[in-house]
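Visitor: I'm new to this one. Can you put it up and take my questions as they come?

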Amino acid sequence: MKRIILTGGGTAGHVTPNIALMPALQKKGFDIRYIGSKNGMEREMIKDIHIPYYGISSGKLRRYFDIKNFTDPFRVMKGYIEARSIMRKLKPDIVFSKGGFVTVPVVMAAKHKGIPVIIHESDMTPGLANKLALPSASKVCCNFPETLKHLPEGKAVLTGSPIRRELFEGDKKKGLQFCGFNSDKPVLLIMGGSLGSVAINNAVRGELDTLLETFQIAHLCGKGNLDTSLDGKKGYAQFEFVSDELNDLFACTDLMISRAGANAICEILALRKPNVLIPLSAKASRGDQILNAASFEKQGYSYVLQEEDVTNESLLKAVQTIYKDRDKYIQNMNKSKLADPIATIMDLVDELTAK
């Protein structure tokens with residue numbers, strides 16, 4: 001039996017693609033182990049699916065001044081020593097890294113032990129953690145054609161992001177029932193991220209009556225952002241977040257408004273949902289969502305509205321445009337070459353473990 005170590009942490013976006021790969025790995029007979037940080041959110045996500053988990057020390061490597069910059073390098077070094085010890089004990093055939101700072105010592109330890117490593121970069125340009133890990137990688141997977149020029153020649157492979165199979169198994173009828181909707185009007189799903197977006201929430205609610213003339217609206221508004229004055233409004237269902245019912249909600253959705261995180265937009269592409277992307281502002285991030293959205297707009301998959309330009313009127317225009325041209329957007333998405341990211345990545349795993 002071959003053994004693979006998966007690693008990734010810090011955010012759900014660095015864990016869920018690893019989880020999406022697991023059924024295909026198990027079908028191939030791989031023994032799966034996971035390395036993450038000792039106290040990161042990835043620990044609970046992996047323990048919930050009963051995969052053996054190994055926690056190591058990790059530290060964030062920052063481009064800006066912070067007092068922790070003086071102590072975190074020692075945590076990274078400790079994590080490297082711990083990762084080498086785990087490699088020596090488990091003797092994996094391959095390592096797959098999804099990113100996050102906890103992966104840097106893991107990837108470097110694998111390189112030291114002569115173990116092949118596949119890295120997956122979700123965003124348009126590599127983040128700092130993956131930049132540090134690139135020299136140790138055998139192959140580097142990415143989501144965007146534009147990313148290839150930022151990666152080492154001979155290592156880069158355009159794969160797309162692994163998507164959970166259950167995402168495609170939702171029940172439209174259950175989704176409509178969950179929201180209290182019927183089949184008379186199309187469903188507009190709004191996802192502003194786990195914390196929500198004040199700009200998106202305000203613009204949606206500012207044009208709510210006009211939008212409800214055409215659509216039923218499922219609004220994932222983020223923690224603490226429910227508007228109780230709208231409870232019971234016909235055709236409008238608001239939630240802080242949705243977990244178990246999300247697949248059913250996707251099944252009944254006709255078009256979407258979403259942030260432009262790499263995993264989120266790859267799921268939208270896989271589901272072929274016409275969409276308006278409102279990327280997180282560069283003031284609140286390193287600008288990766290803006291680049292992600294620009295790529296999807298260029299390929300004809302999405303209508304993009306910058307957060308600074310969000311008003312009641314601009315949001316309404318975006319939704320009306322995407323709905324009017326929805327068939328064109330679906331046709332463009334159907335032409336995507338990223339048809340089966342899991343199969344492409346599994347081919348790389350087979351190639352590297354066959355040597």
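Visitor: Is Lys 233 buried, exposed or partly exposed?
Guide: Lys 233 is partly exposed, with a relative accessible area of 29%. Keep in mind that this is a predicted model.

Visitor: What does the side chain of Lys 233 meet in a salt bridge?
Guide: That of Asp 209, at 3.1 Å from N to O. Lys 233 sits in the loop between β9 (216–220) and β10 (236–239), and Asp 209 in helix α8 (residues 208–212), so the pair ties together parts 24 residues apart in sequence.

Visitor: How many salt bridges does a search of the whole structure find?
Guide: Nine. One of them pairs Lys 28 with Asp 350, with the closest N and O atoms 2.8 Å apart. This pair links distant parts of the chain, 322 residues apart: Lys 28 is in the loop between α1 (16–27) and β2 (31–37), and Asp 350 is in helix α14 (residues 341–353).

Visitor: And Asp 350, buried or partly exposed?
Guide: Partly exposed, at a relative accessible area of 26%.

Visitor: Switching topic. How many disulfides are there?
Guide: Zero, in a search of the whole structure. For Cys 142, the nearest cysteine sulfur is that of Cys 141, 7.7 Å away.

How values were computed:
Residues numbered from 1 in each chain as written. Predicted model: local features only at pLDDT ≥ 70, side-chain atom pairs only at ≥ 80, totals over all residues. Heavy atoms only, no water. Disulfide = S-S within 2.5 Å. Salt bridge = Lys/Arg side-chain N within 4 Å of Asp/Glu carboxyl O. Helix = DSSP H or I, 4+ residues; strand = E, 2+ residues; numbered from the N terminus. Buried < 20%, exposed > 50% of the residue type's maximum accessible area, 1.4 Å probe, protein only.
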